[in-house]
Amino acid sequence: MHPEIVRDVPGDCPICGMALEPVMPSAEVEDTTREVRIRFWISAALTLPLLVTTMGPHLADWHLPDAWLGVAPWVELALASIVVPWGAARFFARGWRSLRPWRPNMYTLIALGTGVAWGYSVLAVLVPHAFPAGFRDEAGRVGLYFEAAAVIVTLVLLGEWLEQRTRRNTGAAIRALLSLAPPTAVRIDADGREAEIPLAHVHVGDRLRVRPGARVPTDGVVLDGASTLDESMLTGESLPVDRKAGDRVAGATINQTGTLVIRAEKVGGDTLLAQIVDLVSRAQRSRAPAQRLADRVAAWFVPAVIVVAVAAFVAWAALGPSPALAHALIAAVSVLIIACPCALGLATPLSIMVSTGRGAQLGVLFRDAAAIEALRDVDTLVLDKTGTLTEGRPRLASITAVAAVEDEVLALAASLEQSSEHPIARAIVTAAAERGLALSRVEGFGSITGQGVRGRVDGRAVAIGNEALLASARVGVPAEVEAQAAALRGGGASVFHVVVDGRYAGLLAVADRVKPSTPAAIAALKQAGLRLVMLTGDHEATARRIGRELAIDEVIADVRPEQKASTIQRLQAEGRRVAMAGDGLNDAPALAAATVGIAMGTGTDVAMQSAHVTLVKGDLGAILRARRLSADTVRNIRQNLFFAFVYNALGVPLAAGLLYPVTGWTLTPAFAAAAMSLSSVSVVLNALRLSRAVR
């Protein structure tokens, strides 16, 4: 409820009084409910005879022996003095801490209610002659409310036990993720010998063998072998995927058929699984904007309840039937107990915890609770092209050399691009490797934002980029090459020019296929009412061809990285709530500027860190799942807040006796405690429904 409170050891929140949650749940399920469970069962065992002896004669119309009447108050005192001071010890401690400094919370009300009922009854047994006539019944006896105090404590303990069990279950998603990592890995030494070692001893660069049926120990690249992998536990996708030499694999996925040899690339906290766990854990600790309403209400609620309880006491004392002061005390205690705002405090945090856990199971990672709320209201989705709409694995389609041979142009280009991690660069380097070309060292490599790259290869000045690069270098394109470039763009290829020693040397055309899942996802997103905009730095002709193929509403091309963020801001200035989906380093500013930035999990770490939502698999279809989960979560939060507000709006006046003049109804403290516990349980159960949301 208050994630800003961080402590080194377990304890209670100084604001709301509830038990602090561990920042990161462990893979093992810890029984955090043991203490409260023991207190509940002992309190229940002692409260039951209290109820039988005090309420039995009224409910079953039977009478206790006269000899018992003199002993009963002392037995009740003995039983209740175990249940209340011991069973509610934590409640009294939290209630006391809430007064220093003045931060009244639900434990303030519980401590006041039970303390008043029990303390009053203790005095009634020890010094009955000290009570005025207003507290005495027709027989001159002072009423005892030990059973009310004991029942309140027992029911509050029951509610806390159930709540703790539920809160433990909300961490099940993280525990399930933590348990995915295998404890050991099979390492292949330099001499070819294999040894099983603890996962913590795996280092970057180690060669590891993954046998059929085993989990991949860490993130890496396949060096040898081919197999199919079950990645559903990380991506939410049920269909297995093929992996062969050169492909990347993620730790914790299951190798199904063949044997693989992989090279470890990321270990420990750098793996995809570790990043997912960290994102989910941080999101569960974040505060939703909807919580602000509950915070504002809670800030005034407890003092207001105390005022209402005092007013109810005064009204009953002045206007109530005999014994007026006894009725006044019961009304005040009932108000204090039924108004405990635990349901109001749980309404938003529990929904967020369950929702983020469910999102992780679906391959959707929310950075914080605000992102969950905001995604539901998005009406415009801006999409990058490479790696978002397309596979992000472009291949060299053609080479055109001018005053040189193709292999020379490709070797110079690949030598320069080997210093870059961009997908286009990898495509050029891969094409050179397939032709068996030797690459040279690069000196003075540099990237020119929005234009391309340049450097020196074997003493020659080489540059690769777009028309903006040519313009800045004052290099012209031969007419026949320009016509060929236009034709390639019309076919969906991206064209890059090669300049060597200030002269035009050739043209490289790189093509990237649209993902097989993209057309169906685009159609579903449009059907959901989203306006789709493609925002890309690629040439306009190439972008528009893909835009027409996918029926995208608007295409904005030839955009530099720094212009992407300004384009997002322009759309927002038009009154649109904009989500941006991208995967590259150049998308990071736009992802941060968008109302909701969505990073494709197949992209760069910078994009994932800048985004509000990460799609582990990088499939656009997951945006639909994320948006439905967002809508379900917001609806669930509103339902919880409605339950909490309506419960208190109806319960407090009823406990104060507002209906007594009309109906003759009053509310006992025990019934008030049962109603208070029921309200919390209803909120908890409603939040847990999100664990089955979005199939």
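Let's start with an open sheet of three strands, in the order 6-5-8, with antiparallel pairing. Strand 6, residues 241-243, and strand 8, residues 254-255, stand at the edges. Each has a single partner strand, so one side of each has no neighbour in the sheet. Keep in mind that this is a predicted model. Strand 5, residues 227-230, pairs with strand 6 over three bridges. Leu229 stands opposite Val241 in strand 6.

Next, the aromatic rings. The structure holds five aromatic pairs. Take Phe40 and Trp161: their ring centres are 5.6 Å apart and their planes are at 40°, so this pair is tilted. Phe40 is in helix 1 and Trp161 is in helix 5, 121 residues apart. Both Phe40 and Trp161 are buried. Now Trp41 and Trp161: centres 6.0 Å apart, planes at 70°, so that pair is edge-to-face. Phe40, Trp41 and Trp161 form one aromatic cluster.

Last stop, helix 18, residues 518-527. Which residues are buried in helix 18? Thr518, Ala521, Ile522 and Leu525. What covers the buried residues includes strand 11, helix 13, strand 18, helix 19 and helix 23. After helix 18 comes Gly529, with a positive phi near 95°.

That's my tour. Thank you.

Note on methods:
Residues are numbered from 1 along each chain as its sequence is written. This is a predicted model: local features need pLDDT of at least 70, side-chain atom pairs count only at pLDDT 80 or more; totals for chains, interfaces and linings use all residues. Side-chain values use heavy atoms; hydrogens and water are left out. Buried means under 20% relative accessible area, exposed over 50%, partly exposed in between (1.4 Å probe, protein chains only). Helices (H or I, at least four residues) and strands (E, at least two) are DSSP runs, numbered from the N terminus. Contact means heavy atoms within 4.5 Å. Two strands pair if DSSP finds at least two bridges between them. Rings of Phe, Tyr and Trp (its six-membered ring) pair if their centres lie within 6.5 Å; planes under 30 degrees apart count as stacked, over 60 as edge-to-face and the rest as tilted.
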